[in-house]
Amino acid sequence: MRALVVSDEVDEQLWAGVGPGCEVGLVLAAGDLPFDYLEFLTDSLGGVPCVFVPGNHDPDLSGFTRHGGLFMRAGFPRAWPGPAGAINADGRVVDVCGLRIAGLGGSVRYNEGPNQWTQAQQARRARRLVRQAARRQRRDGHGVDVLLTHAPPRGVGDREDPAHQGFDCLHRTVEKMRPDWLLHGHIHPYGEHPREHRMGDTRVRNVVGRHLIAFTPHEVRV
């Protein structure tokens, strides 16, 4: 199963409809892209599912729930500001197209903008995500295939400036979940081709721009 994986930078060729076509069954988005761009991609690919996590330049999507087809926030109906039809995986474990995807959006806090977390805050969110994934695995034996994040792990393809440092907690998260892939954005390569990293058996890739990745779901994990 192939997925179109995007983050941070709009690809003008995709806007023009130059895409991989029907061979792609899923769109994964690692944050900081216009939501109408994500909607366009899914529509142009025939309505394939889209799973995303928010980046630090995206609006605050926290606190929304859905009841009877209506989005609610703080008990009141609210318009959903996210991409129509897409699945927000931030802080969640979702099963889509045979893949189990765990998501952690946002970046290290560097100002008062949305979707920014201190190291301690993201560590708490990561622990909750690990527990959620473990419960799901105990129930059906299926581990996490993809850990989708906006920011990278600290020291694994990140930068030293405060806005682009990675999260320390992702090291423990990968150790506990053992996903096949950690896909992140946030770090702009500026024309360079960033190398792929390894954390144990997990492949870590910066997916700024667009990438085509073929996934093999693992039905059973030991």
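In what order do the strands of the open sheet of six strands lie? The legends below begin with this question and describe close-up views of a predicted model.

**View 1. The open sheet of six strands has the order S8-S9-S12-S13-S15-S14.** The pairing within this sheet is mixed. Strand S8 (93-96) and strand S14 form its edges, each pairing on one side only. From one strand to the next, the twist averages 25 degrees.

**View 2. Strands S14 and S15 run antiparallel and are joined by three bridges.** Met 199 has Thr 202 in S15 as its bridge partner. Helix H4 (residues 169-177) packs on the sheet and touches S9, S12, strand S13 (181-184), S14 and S15. The direction of helix H4 makes about 160 degrees with that of S12.

**View 3. Gly 200 is found in the loop between strand S14 (197-199) and strand S15 (202-206).** Is this residue, Gly 200, buried or exposed? The relative accessible area of Gly 200 is 64%, and the residue is therefore exposed, since the term applies to values over 50%. Gly 200 and Gly 98 are separated by 102 residues in sequence. In space, their C-alpha atoms are 23 Å apart.

**View 4. Helix H3 lies across strands S8, S9 and S12.** Strand S9 covers residues 99-104, and strand S12 covers residues 146-149. Helix H3 runs at about 165 degrees to S9.

**View 5. A second open sheet is formed by five strands in the order S7-S3-S2-S1-S16.** The pairing in this sheet is mixed. Its edge strands are S7 and strand S16 (209-214), and each of them pairs on one side only. Strand S1 (residues 2-7) pairs with S16 in the antiparallel sense, over six bridges. Val 6 stands opposite Arg 210 in S16.

**View 6. Helix H2 (residues 35-44) lies across S1, strand S2 (24-29) and strand S3 (50-52).** Helix H2 runs at about 150 degrees to S3. The loop between S2 and H2 holds Asp 32. Although Asp 32 is not a glycine, its phi is positive, at about 60 degrees. Asp 32 has a relative accessible area of 11%, so the residue is buried; the cut-off for this term is under 20%.

**View 7. Asn 115 lies in the loop between strand S10 (107-108) and S11.** The phi of Asn 115 is near 55 degrees, which is a positive value in a residue other than glycine. Is Asn 115 buried or exposed? Asn 115 is buried, because its relative accessible area is 11%.

**View 8. The largest pocket holds about 580 Å³ of space.** Its lining is made up of 27 residues. Which residues lie nearest the centre of the largest pocket? They are Leu 61, Phe 64, Asn 88, Asp 90 and Arg 92. At least two residues of the lining are supplied by each of strand S4 (64-67), strand S7 (87-88), strand S11 (116-117) and helix H3 (119-140). The residues of the lining divide into 12 nonpolar, eight polar and seven charged. Helix H3, which contributes to this lining, is also the helix that lies across S8, S9 and S12.

Conventions. Residues numbered from 1 in each chain as written. Predicted model: local features only at pLDDT ≥ 70, side-chain atom pairs only at ≥ 80, totals over all residues. Heavy atoms only, no water. 1 Å grid on protein atoms, 1.4 Å probe; cavity = no way out; pocket = protein on both sides within 12 Å on 5 of 7 lines; lining within 4 Å. Points joined across faces, edges and corners; volume = space filled by probe spheres on them. Helix = DSSP H or I, 4+ residues; strand = E, 2+ residues; numbered from the N terminus. Nonpolar A, V, L, I, M, F, W, Y, C, P; charged D, E, K, R; others polar. Buried < 20%, exposed > 50% of the residue type's maximum accessible area, 1.4 Å probe, protein only. Pairing = 2+ DSSP bridges. Contact = heavy atoms within 4.5 Å. Axes fitted to C-alpha atoms, helices over the stretch in contact; angles between N-to-C directions.
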